[in-house]
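Thank you all for coming. I would like to walk through one model today, slowly enough that everyone can follow along on the screen.

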Amino acid sequence: MASRHKKSSVPRDQRAPKAGATSAEGEPPCIEAFGHKYHHSGRIFVPFDEKEQQRMEIQHRLFRHCLNGALTATRIPLNVERILDLGSGTGVWPLEMAVRYPQAKILGIDASRIQRTNAVPPNVSFVIDNVENPWPTPAGSIDFLHARSLAGGVSDWPALFKQAYEKLKPGGLLEWTELAIQIFDFDGNFGDAELCPNFLNLWRDATSRNNINFTPSPRGPEWLLEAGFESIAQRNEILPLGDWAQDEKLRVRQSLMNTITNEHFENHCGLLFTNCGWTREQFDAVAPTFLSDLQAESAKPYTMV
């Protein structure tokens, strides 16, 4: 979470988008890799097909569980007026926020038209666009900005946070959440004994060659400070994998993470590895080692959010 404390004059004559979803006509066809569909720009390494939408919904349940059922870690005033959601995906977060804050105007932005269309409240609207493009909101107009799981679709994080700072009202709040693409052993040195190094080294090489950062969180405070944010707070939660967690709360997270890992592991790999010259057969030859390392009886794997 980060807060903006800066006085400024705010133009009030710009209008927010109307309810519904909008996008440019005549979009080029999507890119396909490893059986998944990716944005036609080739710069968003997270797919948008049905299998990925299922993963998004599971991840939403996981994040809510980490927040004890809440939709945000930030305490938002009940009289909040304008909320912006970056990377809305299926739209589940803004739709649920609309029930909690029926007086607020909530805008969701995503590069793909995959948002739910049934029973969309009148205070929710969606715009189909890359989140790195200028947002259709006036400067200094947003009370709360929510950004979640943008890694894999953002090339310039400092520019993104600069725009966030400009769009927020003085005193406005930003909440940004990312899953770490790192796996540690709970019985090792906490946060230091990394598991699955062979595959993760291949993964990091692919992200580097594609010039995309899937684990931006460590540099988040630096970028936020550079953008002008103040009162930056960080929160981490353990997400177990495998079958070792004893605590009931951790076991729920473990079950959700196992589903994400076992059933949706390849979702974010297709375009990354294809761009590096990998065939599906070559990928399938090394991918099982990642899953087998996670399932090893001697390991207590976990990641962080």
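Let me start with a question: does Arg 55 count as buried or exposed? Arg 55 counts as buried, because its relative accessibility is 7%, and the word buried here means under 20% relative accessible area, while exposed means over 50% and partly exposed is anything in between, computed with a 1.4 Å probe on protein chains only.

Before I go further, please keep in mind that this is a predicted model, in which local features need a pLDDT of at least 70 and side-chain atom pairs count only at pLDDT 80 or more, whereas totals for chains, interfaces and linings use all residues. Residues are numbered from 1 along each chain as its sequence is written, and side-chain values use heavy atoms, with hydrogens and water left out.

The pLDDT is the predictor's confidence in each residue, on a scale from 0 to 100, and the protein averages 88, with 89% of the residues scoring at least 70. Over residues 3–24, however, the pLDDT is below 50, although this stretch still has 53 contacts in the model beyond near neighbours in sequence, a contact being heavy atoms within 4.5 Å. Where pLDDT is low, the predicted coordinates should not be read in detail.

Now for the overall picture. The protein has eight helices and 12 strands, where helices (H or I, at least four residues) and strands (E, at least two) are DSSP runs numbered from the N terminus. Buried residues make up 50% of the 305 residues, and among the contacts between residues at least 6 apart in sequence, 71% join residues at least 24 apart.

Let us return to Arg 55, whose side chain meets that of Glu 52 in a salt bridge at 2.7 Å, N to O. By salt bridge I mean a side-chain nitrogen of Lys or Arg within 4 Å of a carboxyl oxygen of Asp or Glu. The two residues are three apart in helix α1, residues 50–66, so they are separated by about one helical turn. Glu 52 is buried as well, with a relative accessible area of 0%.

A search of the whole structure finds 12 salt bridges, and another of them joins Asp 205 to Arg 209, with the closest N and O atoms 3.6 Å apart.

Phe 290 and Asn 198 are 92 residues apart in sequence but 8.1 Å apart in space, C-alpha to C-alpha. Asn 198 lies in helix α4 and is exposed, with a relative accessible area of 62%.

Gln 115 sits in the loop between β6 (105–110) and β7 (124–128), and it is buried, at 9% relative accessible area. Its side chain reaches the backbone oxygen of Gly 89 at 2.9 Å, and, leaving aside neighbours within four places in sequence, Gln 115 is in contact with several residues, including Thr 90, Asp 110 and Phe 126.

Thr 177, in strand β9 (residues 168–177), is buried too, at 17%. Not counting residues up to four places away in sequence, Thr 177 touches Phe 63, Ala 147, Arg 148, Ser 149 and Val 305.

Methods. A polar contact is a pair of N or O atoms within 3.5 Å; within protein, one must be able to donate a hydrogen and the other to accept it, and residues adjacent in sequence count only if both atoms are side-chain atoms.
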